[in-house]
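Dear colleague,

Please find below the structure that I am handing over to you.

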Amino acid sequence: MTGQPLPGFRDFFPEDHSTLRSLFSAWREASRRSGFVEFEGPELEALELYTEKSGEEIIGQLYHFKDKGDREVALRPELTPTLARMVAARHRNYRKPIKWFSIPRLFRYERPQRGRHREHYQWNCDIVGEKGAAADAELIATLCLGLSLLGLGPKDVVVKVSDRGWWDLFLADQGVKEEKRAEVLRILDKLEGAPTEEWKKKLGALAEPIGNALDSKIALSEGLEQVRQAVGALGYADWCEVDLRIVRGLAYYTGIVFEVHDRAGKLRAVAGGGRYDHLLKKLGGEDLPATGFGMGDAVLSELLTEKKFLRAESTPPAIFVVAESAERNLALQIAGNLRRNGEAVDYDPGSGKWVKQLELAEARGARWALLVGREAAQGKLLVKELATRKQGEIAFRKSADGAISLEPGVGDWAKVVAS
RNA sequence: GCGGCCGUAGUUCAGUUGGUAGAACUCCAGAUUGUGGUUCUGGCUGUCGCGGGUUCGAAUCCCGUCGGUCGCCCCA
């Protein structure tokens with residue numbers, strides 16, 4: 001069997017693509033309403049843009065190769081390095097805070113599995129140049145708005161918020177050296193539930209103090225408190241929970257971090273993000289505080305499918321022109337005119353019979369069929385509403401310049417058909 | 001990188017203890033060349049994922065490989 005996509009890559013047939021578009025619409029709308037502006041960068045970047053940040057070991061997970069100019073290049077696995085590059089190049093042209101969003105297609109060379117392919121689309125929102133936790137709250141609110149536009153609510157998902165800064169202080173207090181803290185957090189990221197023997201094995205003496213810290217609800221850091229207030233005021237208090245165990249795998253996060261999970265806890269994280277205040281400088285740019293999140297299409301689609309919230313964004317033609325073969329030329333003229341006037345118009349380009357043309361009109365999902373037949377000799381056309389099977393008569397007139405006007409116009413066809 | 005399950009027409013699948021392939025739907029063409037969601041008729045397509053092995057003979061058994069899927073590792 002030929003014609004399969006490469007492993008981990010997906011074909012989007014029109015019906016699949018329309019559901020993808022409905023995700024994009026929600027993402028764009030939430031971004032727009034929240035004051036983010038869209039940007040885009042190259043899909044292909046220099047390999048070193050990624051190894052600089054994460055070291056050589058990331059190469060194994062990258063889709064990389066040598067181009068014809070002998071450059072080591074990689075398909076972008078994430079957008080942040082590109083964002084950092086672009087911000088570094090022109091951030092003086094933009095008043096802070098910078099609020100940018102993008103919907104990049106990202107790539108990873110990894111084993112495909114549920115909710116995870118070698119390619120996916122990811123909604124990214126970032127705020128650069130604002131170090132206060134209010135910026136983190138703003139991102140969380142934008143994220144929630146996006147999810148709500150897709151029909152999801154606090155009953156379906158939960159935003160788990162944590163604070164890496166708090167962990168830094170806590171671990172320092174426990175005498176954990178700076179270079180060992182990331183490792184402890186990584187272990188923590190894997191553990192679930194209450195302290196167990198497994199905790200002790202992996203965390204040693206830290207198991208008990210960490211367990212106690214997780215239990216106490218009063219341990220809210222200043223940052224978490226600010227986020228709680230701002231997110232509450234923005235209207236998303238019931239979407240969020242403090243969960244200190246969320247620490248995110250990546251080493252570069254510095255402050256507030258968060259993840260979105262389905263309430264049932266069956267799927268991978270739907271979205272994740274947090275503050276990365278030193279990353280831009282590390283990538284060779286300006287020392288600007290930054291925070292952001294990413295939400296992939298794969299897990300989100302699974303969740304929406306499960307909830308039956310997935311909607312297709314279909315765009316059928318409004319009008320399908322059906323023509324008798326003798327009137328074909330006139331039909332084309334009418335179609336062209338309607339299109340220039342802003343209508344979505346389709347017709348059967350083959351030499352289809354009357355019946356076939358009507359069938360195609362139906363299959364295309366058009367609302368109206370405009371029948372161009374023998375009545376045309378008297379300056380008349382028939383308009384048919386396909387769903388109701390009702391039809392009426394309208395008139396057309398050709399002017400000297402070739403323009404064709406219909407009487408009544410498309411907006412009033414419903415009346416013609418009803419009478 | 002490791003393990004479980006799977007791989008048959010465009011699609012969803014059936015194929016009985018191994019005897020060289022079927023259904024439904026879709027699509028295309030028709031049912032006295034102007035009215036479509038029903039009905040009827042006819043038609044198209046498969047190297048049964050690929051390669052090798054066992055056998056007189058394999059879609060069916062064995063091995064390998066590629067791909068899919070689920071999980072582990074890892075992470076966005």
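Leaving aside residues up to four places away in sequence, D156 touches G151, H261, D262, R263, K307 and F309, where contact means heavy atoms within 4.5 Å. Please note that this is a predicted model, in which local features need pLDDT of at least 70, side-chain atom pairs count only at pLDDT 80 or more, and totals for chains, interfaces and linings use all residues. Residues are numbered from 1 along each chain as its sequence is written, chains are lettered from A and ligands numbered from 1 in the order in which they are written, and side-chain values use heavy atoms, with hydrogens and water left out.

D156 is placed in the loop between α4 (133–149) and β8 (157–163); helices (H or I, at least four residues) and strands (E, at least two) are DSSP runs, numbered from the N terminus. With a relative accessible area of 12%, D156 is buried (buried means under 20% relative accessible area, exposed over 50%, and partly exposed in between, with a 1.4 Å probe and protein chains only). The side chain of D156 also makes a polar contact with the side chain of K307, at 3.2 Å. A polar contact is a pair of N or O atoms within 3.5 Å; within protein, one must be able to donate a hydrogen and the other to accept it, and residues adjacent in sequence count only if both atoms are side-chain atoms.

E110 lies in the loop between β6 (105–107) and β7 (119–128) and counts as buried, at 16% relative accessibility. Its side chain makes a polar contact with the side chain of R116 at 3.0 Å. Not counting residues up to four places away in sequence, E110 touches Q61, R116 and R118.

**Helix packing**

Two packed helices are described by the angle between their axes and the distance between the axes. Axes are lines fitted to C-alpha atoms, for helices over the stretch in contact, and angles run from 0 to 180 degrees between N-to-C directions.

Helix α1 (residues 14–33) and helix α11 (residues 297–307) pack with their axes 11 Å apart, at an angle of about 105 degrees. This makes α1 roughly perpendicular to α11 (angles under 35 degrees count as roughly parallel, over 145 as roughly antiparallel, 65 to 115 as roughly perpendicular and the rest as oblique). On the α1 side the contact is made by L20, L23 and W27, and on the α11 side by D297, L300, S301 and L304.

The axes of helix α5 (residues 164–173) and helix α8 (residues 207–215) come within 12 Å and cross at roughly 140 degrees. That makes α5 oblique to α8. Here W166, W167 and F170 in α5 meet P209, I210, A213 and L214 in α8.

**Backbone features**

Two peptide bonds deserve mention. K96 and P97 are joined by a cis peptide bond, with omega about -5 degrees, and P97 lies in the loop between α3 (80–90) and β5 (98–102). The bond from E407 to P408 is also cis, with omega near 0 degrees; P408 lies in the loop between β18 (404–407) and α14 (413–418).

Although D70 is not a glycine, it has a positive phi of about 65 degrees. D70 is found in the loop between β3 (63–66) and β4 (72–75) and counts as exposed, at 56% relative accessibility. R389, likewise not a glycine, has a positive phi of about 65 degrees. R389 is placed in the loop between β16 (380–385) and β17 (390–398) and is exposed, with a relative accessible area of 68%.

Yours sincerely
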